[in-house]
Every structure is written in structure tokens, then in C-alpha cells.
Amino acid sequence: MKTRYTVYKSDISYFSGKLEAYLRYKGIVYKAVECGQREMKKIAQTTGVKKMPAVEMDNGQWLFDTTPMLEWFEQQHPEPCTTPDDPALAFLALLIEDYGDEWLWRPAMWWRWVPRASRWAVGYAIGKAFAPTLLARPLGWVFGRRQQREWLWGDGVNLANEASVRDMLFREFEFLERLLARQPFLLGSHPSAADFGYFASMFRHFGNDPDSAEVMRRQAPNTYEWLARLWNASADKLPKAIEWQWPETPEWQPFLQRIAADYLPYLHQNALAFQRGQKRFDFTGHSLAFQGTKTTNYRVYCRERLQQQYLQLTTADRDKLEQLFKSVGGLGGLQADGVIVSGLAESFILPREAKSGRSSFKWIRSQPRN
Ligand SMILES: N[C@@H](CCC(=O)N[C@@H](CS)C(=O)NCC(=O)O)C(=O)O
């Protein structure tokens, strides 16, 4: 008998959009449950963290965190395959997935919680999901303030760099527009982990929230079209043969540079701060700097995973990737100071037995850091 999945999600949640797009493309049948206070409590008690999406299986086991989840689903439901057959390209897809998950989160927070129309609309939607209608507006207001504090003003964003954080979206549009004008998905004819990683911010935040969605419709119609294409993709609508593309065209260069010279140095500096027991650190990258940004244990784990995946590649595949990144500064940031252990790896082994316990997070006041 087929496993039945219940997906606890929210229609305004970054990572829920990513997971659902993946499940839809794979043709994996699931029951969707919109999260409210009760569901979040249930997730926290079984997975240990108050984060959605989470998946409950009919055998009582649970899946959580979209990156290991996608890996797990890929093993259980291999067709249609979302992993490029070239191992170097498969690694790049995972690197892009991680960049989309973590690096685009900050501009997604800016575009959702700073412009007033978006802040009010999404705040109200969250308030309504978690409180009686009368309290929806005040709760939305509190939630918006919490997100601004947690991810922007209390996390290295200030008047001097705010415009650069806002403009991170435009840098992504410059890349995506040129690429998606030519091909249907980021790495070729079919979706890969790279598409799902990008989809998180693009679908449930930028393409959804009133302010950024209008900007996207005006400035990035190819990206807007790709959102619908991926959301409605299925293997039978696409060509039988998959054609993966090695990223050689010019628009890739600034994008690869953001990974090599901003994101990987950020992961490295975050891991060093974690190792030294610092709660905050001053991040300096090629195009952005964040003073007093919060050290994030989870992102030490993200780096650790990527390092392990990279080390599993053959020397020839690693050389191929080094060549790709050579003109934009190389992949040194990934390996610098070796593997710094997050201590979290074991808790992300899936599936997870349901356990009953208390989550240590006070939900409204603080958020688990991705
Ligand atoms: N790394 C996790 C991140 C999940 C996450 O951050 N989820 C957000 C919603 S998109 C959440 O549940 N936040 C809870 C809160 O804001 O209190 C994943 O990939 O699933």
C-alpha cells in the first residue's frame, strides 16, 4: 500500500511553497493541512522545532526541513528525476537550492515586512490563521514587528545597507529574466533542486506579496511565467528526454559571483563565529556587509552538508566546478577552515519517530533561525 502523507503548510510560507511545488511535480499525492496554532504545537512536539512545513506519514513517522525532505523523497520516489546526471551539476543544483533557501530569505523579509501594503496584508493573513478575527490585526502587527527585528534591524540591516538588501531582488531578476527567456527551467528542460530552492522566495513571497508581486509582473515577466510553469509542472507535460545545461551563458557570471563572493564567505564567517561561541559577527562580503549579524547554528549545518557533498565528488568533478567559479573568485569559501561541525546533523536524519516533548521556542516572540 502507498504511504499517505499529510503536509502541514501555510499558503504564505516560503518553505511550504517549495515543498508543495516539489510534491506536485513528482506526482506525490498528499493531504494538505493549513497550519494554525494547534498544528504548530503538534509539529513542535513531534519534530522538536516550531517550523513548517512538516510531513506526517501514516506509519506515524515525520519528515521536516525541506532540504533533507527533498533528498528523502527523491530516494523514495525517484521518478521523475530532479537530480542532474552529471555529479558536478547535481552539486551545483544543491548549492543553488541552499543559496535560494538561506540567502534570499533576507530580501524576502524586507519585501514582506517593510513596504506597508505587504506588511498589512500578510500580517492580517497570519493573524487570522492564528487568532480569532478580532485579534487578527494586532497579532499581525506584533508578528510584523517580530520579523523586522529578528531578520532585519536586529540582524545587521541598517539605513546604510537597507537599499542593497531591497535590491538583491533586482539582481536576481536580472539573472532569471535572461536565463528563463531561453529555457524553461534553471538547469535545462526539466526542474531540479535549483528550481525548487529558488521557488521558495519567488513563489510564496516575491510573487505573492502585494508590493513585490507587482514589481515582478512589471519587471520580471519571464520569472512570473516560470512560477506558474513550475507550480503546474508534471512529467507528462514535458519532453521525455531530459536535457540538462551546464551554466555557461553570460548571465550566470554575476550569479555565480554572488555565491562565491557573498554567500559562501557568509557561511564561512558564520561557522567561524559559531566555533568561537560568538552570538553575533560582522559579515563582510563582496557586495554586502552586515554588522552584528546573528550567528545561526542551522546555517553551520547547511555548510557542513554542502562540504560533505562536495567532498564526495571525484577530483575531476571538483575541478570542473572550480573552473566554473574560477573567474568569480573560486569555491575557497566552501572549504576554508575545513568542516566546522554544527552538532545538528543527527537531528536531520529522516524520517523521524514521533516524539512527544516540549519545544523550547516561545512562538510569537522568536523564530527558529531557518
Ligand atoms: N529550513 C527549514 C525552514 C522552515 C521555516 O523557516 N519555516 C518558517 C515558515 S516559511 C516557519 O515555520 N516559521 C515559524 C515562525 O515564524 O514562527 C525548511 O527548509 O523547512
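I began with a rule for strands: two strands pair if DSSP finds at least two bridges between them. The helices (H or I, at least four residues) and strands (E, at least two) are themselves DSSP runs, numbered from the N terminus.

Before going on, I noted that this is a predicted model, where local features need pLDDT of at least 70, side-chain atom pairs count only at pLDDT 80 or more, and totals for chains, interfaces and linings use all residues. Residues are numbered from 1 along each chain as its sequence is written.

**Entry 1: the sheet.** I looked at Tyr8 and found it opposite Ala54 in strand 3. Strand 3 (residues 54-57) pairs with strand 1 (residues 5-9) in the antiparallel sense, over 4 bridges. I then traced the open sheet: its 5 strands run in the order 2-1-3-4-7, with mixed pairing. At the edges I found strand 2 (30-34) and strand 7 (352-353), each pairing on one side only.

**Entry 2: the whole chain.** I counted 15 helices and 7 strands. How does the radius of gyration agree with that of a compact globule? I took the radius over C-alpha atoms, and the globule rule is 2.2 Å times the number of residues to the power 0.38. For 370 residues that rule gives a value near 21 Å, and the chain has 20 Å, so the two agree. The C-alpha atoms fill a box of roughly 60 × 55 × 45 Å along the principal axes.

**Entry 3: two domains.** The domain assignment, automatic or from a database, gives domain 1 (5-80 + 349-353) and domain 2 (87-347). Their centres, over C-alpha atoms, are 20 Å apart. I call two residues in contact if their C-beta atoms, placed from the backbone, lie within 7 Å. By that rule, 22 residues of domain 1 touch 26 residues of domain 2. Which element gives the largest share of the side of domain 1 that touches domain 2? Helix 1 does, with 9 residues.

**Entry 4: one residue.** I picked Thr223, which sits in helix 11 (residues 221-231). Is Thr223 buried or exposed? A residue is buried with 20 or more other C-beta atoms within 10 Å of its own, exposed with 12 or fewer, and partly exposed in between. Thr223 counts as buried because it has 22 C-beta neighbours inside 10 Å. Leaving aside neighbours within four places in sequence, its contacts include Phe173, Glu177 and Met202. Glu177 is 46 residues away along the chain, yet the two C-alpha atoms are separated by 6.1 Å.
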